[in-house]
Amino acid sequence: MTNTVFYKSYTEPEFNIKEILRYAGCRQASDDLMSLLRECLDECSGKLCYKVCYTEYDISFNGDVVDLGFAESKSKNLKKNLENCCRIVLFAATVGLAMDRLIARYSRTSPSKSYLFQAIGAERVESLCDIFNSEISDFAASLGMNTRPRFSPGYGDLPLELQRSIFMALDCERKLGLTLNDSLLMSPSKSVTAIIGMEKL
C-alpha cells in the first residue's frame, strides 16, 4: 500500500541545557564544562536543519501479528504499545549532517567537544520529535483520539530490520536525504524513525 508522505520543516527549538547534560552523563556541570558547552552551542546554533516526513496507516491485529499497513510485526512490545489502536503515524526526523561533521571534526582535535556535540545532537533530534509528537497528539485529539508514546525500531523486541520497510514507506532518502547502511545505521546519525499509535477515546 502506497500512502502520501508529507514533509515538514521547523525553526530551531530552544536548547534544553538540562537534557544535554543528561545525555552527556553529567549530574553536575563545572564552570569549565558550561563554558565549553556554550562554545559548542554557539558553534552549532543556526547550522542544523529540523525536518520530518510522515504518513498514516490503518492497522489491525491477527493473533501475535500486528499489520502496520506498510509491514507486519511480531514484536510483543510494539503490540502492547499499540493495544486498542486503529491507526498509526509513521515518521522520520533528522537534524541533518552538520552535527555529524562537527562530531567528526572535533573527535581529532577536541574529544571533549566531540562528546558534547554527541549530547547536543541527541537533545536536538529528541526535541524535534517531541514537537512533532505534540502536533500529532493535538491532531488526534481533534479527531476524538488519543496517542501512544512513540516507538522506534531497536527498542524492546522490535527489530532494527523494520528500518528497511520504514525507509521504503517514507521514501526517506528523497524526502529527508536520510540513508540506511548495511548495518541498519542511519546517516545523518542524529535521526529517528518511529511509530505513534492512535486510539479512539
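Biologist: Which handedness does the crossing of α4 and α5 have?

Modeller: The crossing of α4 and α5 is left-handed, meaning that the near helix is turned anticlockwise from the far one by less than a right angle (clockwise would be right-handed). Before we go on, this is a predicted model: local features need pLDDT of at least 70, side-chain atom pairs count only at pLDDT 80 or more, and totals for chains, interfaces and linings use all residues. Residues are numbered from 1 along each chain as its sequence is written, and side-chain values use heavy atoms, without hydrogens or water.

Let's stay with the two helices. α4 covers residues 98-109 and α5 covers residues 111-142; they pack at an angle of about 160 degrees, with axes 6 Å apart. The axes are lines fitted to C-alpha atoms, for helices over the stretch in contact, and angles run from 0 to 180 degrees between N-to-C directions. So α4 and α5 are roughly antiparallel to each other; that label goes to angles over 145 degrees, while under 35 is roughly parallel, 65 to 115 roughly perpendicular and the rest oblique.

Now zoom in on where they touch. Contact means heavy atoms within 4.5 Å. From α4, the residues include Met99, Leu102, Ile103 and Tyr106, and they meet a set in α5 that includes Pro111, Lys113, Phe117 and Ile120. The residues of this contact divide into 7 nonpolar, 5 polar and 1 charged. Here Ala, Val, Leu, Ile, Met, Phe, Trp, Tyr, Cys and Pro count as nonpolar, Asp, Glu, Lys and Arg as charged, and the others, Gly among them, as polar.

What does α5 lie across? α5 lies across β1, β2, β6, β7 and β10, running at about 20 degrees to β10. Those strands make an open sheet of 5, in the order β1-β2-β6-β10-β7, with antiparallel pairing. Two strands pair if DSSP finds at least two bridges between them. At the edges sit β1 (6-9) and β7, each pairing on one side only, and the twist averages 25 degrees from one strand to the next.

Follow β10 (residues 191-200) for a moment: 9 of its 10 residues are buried, where buried is under 20% relative accessible area, exposed is over 50% and partly exposed is in between (1.4 Å probe, protein chains only). Antiparallel to β10 runs β6 (residues 85-94), joined to it by 9 bridges. Cys85 stands opposite Glu199 in β10, and Ala93 stands opposite Val192.

One last stop is the loop between β9 (186-187) and β10, where Pro188 sits. A cis peptide bond joins Ser187 to Pro188, with omega about 0 degrees.

Definitions and conventions:
Helix = DSSP H or I, 4+ residues; strand = E, 2+ residues; numbered from the N terminus.
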